[in-house]
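Colleague: I would like to learn how to read a structure step by step. Could you take me through one, giving the general idea before each case?

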Amino acid sequence: MRVERVEQFHIAVRLKQPFETSFGREEVLEKVIVAVYAEGLVGYGESPVEPLPLYSYETVETCWHVQRDALIPLLLGTEIEHARDLPALFARVRGHPMAKAGLEAAVWDLEAQMAGVSLASLIGGTRARVEVGVSIGIQDSVEALLERIAGYRAQGYRRIKVKIKPGWDANVLAAVRARYPDIPLMADANSAYTLDDLPLLKSLDAFDLLMVEQPLAYDDLLDHATLQRELLTPICLDESITSLRRAREALALHACGIINIKPPRVGGITAARAIHDLCDERNVPVWCGGLLETGIGRAANLAVAALPNFVLPGDLSASDRYWEQDIVEPPFVLNPDGTMDVPKGVGLGVIVVRERLEAATLRRASYPA
Ligand code: OSB
Ligand code: MG
């Protein structure tokens, strides 16, 4: 395919409820959506960047700039055989995985449409539905958290992820376990601890967690390896795994027992699939994380989560867990058994509602100008 035109949309979308992690509280999310045009078709991709470099060093501004000045010029007018060739095309641009992932996802969507198949089947997904969980932000009180958990369990979510930070950790998990002795439960620290917190982190072993996610620094592997030797609970790395190479290093160092794969964080679907394959060979379970994506990113994540070694429930909740109205149709819904269907239609398998995308747009650009 020959890419004829690329559009960027800087959008702002309001969450139904604020989402609080150890690095802050968000209610209005900003993202960059791209539309890539080729052969009379359009593919969509999402870069779930944020205004400030808190979760990742990338921001809306760096994503906009790197796409506009470095990546889109490489795409325009280039003959592309397969979306899987994009990482090589983009390799001379260092870093910026989310900027790359948005464009790569749009080309994957195009390739699937051209082949007349769903994105999931194009990449080798084997499941028609995937198990999903819900990630619950830090609340104003333990009682409020317990109520949130009750509400999500009533909707069918079985695996619960609780965000933790110093002062909102063992005390909170003890209360959750007292109320729910048997639910599949995990905790995500978003890098809020150091090895000085070893006694506290060891105390989490008492709560029978599926895993503890990213307890230490976002760019650390060595201290995580040290910590993993001290814990019974498997460590799951999120922020630390930004590429296939980092995943290889983490496994070599025994820095984790589980990897959370977020396609945008690792540079796209191609890298996500490579990390999946590596972990499969090493018997390391993986699951699909989320970055509060709109339906565009969610559709792509679900296709990835259909790969066979995604054996743990993902942070792939239904549209109504995030939005009053998603920007795609149909919205993603939770099945009563705690699963979500992988879209079966061609490409992403959902329709991007242009009026909703444009209504959310703060800034747009089209290339060539
Ligand atoms: O650490 O997994 C995380 C959301 C934004 C940034 C980081 C994280 C998260 C989540 C929410 O936990 C996952 C989701 O429901 O999309
Ligand atoms: Mg996380």
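Colleague: Are Tyr322 and Trp323 buried or exposed?

Modeller: This is a predicted model, in which local features need pLDDT of at least 70 and side-chain atom pairs count only at pLDDT 80 or more, while totals for chains, interfaces and linings use all residues. Residues are numbered from 1 along each chain as its sequence is written, chains are lettered from A and ligands numbered from 1 in the order in which they are written, and side-chain values use heavy atoms, with hydrogens and water left out. Buried means under 20% relative accessible area, exposed means over 50%, and partly exposed is in between, with a 1.4 Å probe and protein chains only. Tyr322 and Trp323 are both buried.

Colleague: How many aromatic pairs does the structure hold, and how is such a pair described?

Modeller: A pair of aromatic rings is described by the distance of the centres and the angle of the planes. Rings of Phe, Tyr and Trp (its six-membered ring) pair if their centres lie within 6.5 Å, and planes under 30 degrees apart count as stacked, over 60 as edge-to-face and the rest as tilted. There are three aromatic pairs in the structure. In one of them, the ring centres of Tyr152 and Tyr157 are 5.7 Å apart and the planes stand at 85°, so this pair is edge-to-face. Tyr152 counts as buried at 7% relative accessibility, and Tyr157 counts as buried at 1%. For Tyr322 and Trp323 the centres are 5.9 Å apart and the planes at 35°, so that pair is tilted.

Colleague: Which ring has the charged end of Arg321 over it?

Modeller: A charge sits over a ring if NZ of Lys or CZ of Arg is within 6 Å of the ring centre and within 35 degrees of the ring normal. The charged end of Arg321 sits over the ring of Tyr322, at 5.1 Å from its centre. Arg159, in turn, lies over the face of Trp287, 5.1 Å from the ring centre.

Colleague: How many salt bridges does the structure hold?

Modeller: Side chains of opposite charge can pair when their charged atoms come close. A salt bridge is a side-chain nitrogen of Lys or Arg within 4 Å of a carboxyl oxygen of Asp or Glu, and the structure holds 26 of them. One of these joins the side chains of Glu7 and Arg364, at 3.0 Å from N to O. Glu7 lies in strand S1 (residues 3-21) and Arg364 in strand S15 (residues 361-367), so this bridge ties together parts that are 357 residues apart in sequence; helices (H or I, at least four residues) and strands (E, at least two) are DSSP runs, numbered from the N terminus. Glu7 counts as buried at 4% relative accessibility, whereas Arg364 counts as partly exposed at 43%.

Colleague: Which residue does Lys163 meet in a salt bridge?

Modeller: Lys163 meets Asp188, at 2.8 Å from N to O. Lys163 belongs to strand S6 (residues 159-163) and Asp188 to strand S7, so the bridge ties together parts 25 residues apart in sequence. Lys163 and Asp188 are buried.

Colleague: Which residues coordinate the magnesium ion (ligand 2)?

Modeller: Donors are N, O and S atoms within 2.8 Å of the metal (3.2 Å for Na, K and Ca), and water is not among the atoms, so sites may look incomplete. Here the magnesium ion (ligand 2) is coordinated by Asp188 (OD), Glu213 (OE) and Asp238 (OD), at 2.0 to 2.3 Å. Along the chain, the donors follow the spacing D-x24-E-x24-D. Asp188, in strand S7 (residues 185-188), and Asp238, in the loop between strand S9 (235-237) and helix H9 (244-253), are 50 residues apart, and both are buried.

Colleague: How far from Asp109 is the nearest side chain of opposite charge?

Modeller: Lys and Arg count as positive and Asp and Glu as negative, while His and the chain ends are not counted. Asp109, which is found in helix H3 (residues 97-115), is buried yet has no salt bridge, and the nearest side chain of opposite charge, Arg354, is 10 Å away. Contact means heavy atoms within 4.5 Å, and, not counting residues up to four places away in sequence, Asp109 touches Val42, Gly43, Tyr44, Gly347 and Leu348.
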